[in-house]
Amino acid sequence: MEKIIEAVNVTYIYQTKYQKTKALSEVNCSFERGKVYAITGKSGSGKSTFLSLLAGLDVPTEGTLTVEGEDMRKMNRDAYRLNRASVIYQAFHLFPLLTVMENVMFPMELQHVPAKEARAKAREYLAKVGLPETLYKKMPGMISGGEQQRVAIARAVAAGGEILLADEPTGNLDSQNEKVIVELLCKLAHEDNYAVIVVTHNDAVAAAADVVYGMTDGVLSVVRG
């Protein structure tokens with residue numbers, strides 16, 4: 001299958017006034033549509049740093065990171081995050097003063113999708129993640145953590161991109177909701193052809209992935225796949 005993202009010798013160095021820290025060291029890997037990727041490793045190993053580069057929040061210090069052949073350095077990275085890559089967080093990051101429906105409509109409003117069309121699509125995406133209509137008018141604080149994470153996934157899908165980046169998406173969930181979220185991410189990859197890339201400490205999440213990478217002190221290796 002065609003690579004959607006490719007990292008070649010990606011190195012990332014944090015520079016402060018007093019020292020340099022190499023967070024990533026010559027990372028080489030690629031990601032395809034239709035698969036779930038897990039990136040595992042201890043805290044401080046470089047996983048979240050790599051995810052932030054994949055999200056276009058920064059660019060490598062050395063090496064190249066390309067999206068369908070286009071160098072991340074030369075891209076409009078704001079447009080990339082708006083239209084092509086969405087990030088799902090452990091803490092959900094929903095807008096507390098918007099309803100469930102309004103949260104999912106939000107990225108489409110940024111893309112100037114007409115309100116009627118955005119609402120119809122939001123209904124479709126909320127149904128896709130298994131949320132009943134009784135929740136659509138509720139605020140995030142009125143629903144459970146598992147339901148909030150499903151809203152966050154629906155909002156990510158609503159952005160219309162093909163890349164879903166998830167940073168510890170089950171970290172705040174119990175085992176039952178964790179299973180629902182893992183199944184949902186697998187379904188989005190295998191049935192809807194997303195490239196799903198998950199940073200996780202969770203063995204159950206890694207077990208469900210098609211490809212597992214391990215990160216140790218900024219060095220990436222293939223664990224499985």
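User: What makes the reach of helix H6 (residues 175-190) close to the expected one?

Analyst: Helix H6 has 16 residues and reaches 22 Å from its first C-alpha to its last. The expected span of a helix is 1.5 Å times one less than its number of residues. For H6 the expected value is also 22 Å, so its reach counts as close to it. Helices (H or I, at least four residues) and strands (E, at least two) are DSSP runs, numbered from the N terminus.

A word on the basis: this is a predicted model, where local features need pLDDT of at least 70 and side-chain atom pairs count only at pLDDT 80 or more, while totals for chains, interfaces and linings use all residues. Residues are numbered from 1 along each chain as its sequence is written, and side-chain values use heavy atoms, with hydrogens and water left out.

User: Which residues join arginine 84 in one network, and what makes it a network?

Analyst: Arginine 84 pairs with glutamate 68 at 2.8 Å. That pair links distant parts of the chain, 16 residues apart, with arginine 84 in the loop between helix H2 (77-83) and strand E6 (85-89). Glutamate 68 is partly exposed, with a relative accessible area of 37%. Arginine 84 also meets glutamate 162 in a salt bridge of 3.8 Å, N to O, and those two are 78 residues apart. Salt bridges that share partners join Arg33, Glu68, Arg84 and Glu162 into one network.

User: What makes the lining of the largest pocket nonpolar, polar or charged in its residues?

Analyst: A pocket is an open set of points on a 1 Å grid over the protein atoms alone, where a 1.4 Å probe fits, with protein on both sides within 12 Å along at least five of seven lines; lining residues have an atom within 4 Å of a point. The largest pocket has a volume of about 450 Å³, which is the space filled by probe spheres set on the points. Among its 19 lining residues, Arg81, Ser86, Val87, Tyr89 and Arg155 are the closest to its centre, and E6 gives the most, five residues. Ala, Val, Leu, Ile, Met, Phe, Trp, Tyr, Cys and Pro count as nonpolar, Asp, Glu, Lys and Arg as charged, and the others, Gly among them, as polar. By that rule the lining has 15 nonpolar, two polar and two charged residues.

User: How many residues of each kind line the second largest pocket?

Analyst: Its lining has three nonpolar, eight polar and six charged residues. Ser43, Gly44, Ser45, Gly46 and Lys47 lie nearest the centre.

Conventions:
A salt bridge is a side-chain nitrogen of Lys or Arg within 4 Å of a carboxyl oxygen of Asp or Glu. Buried means under 20% relative accessible area, exposed over 50%, partly exposed in between (1.4 Å probe, protein chains only).
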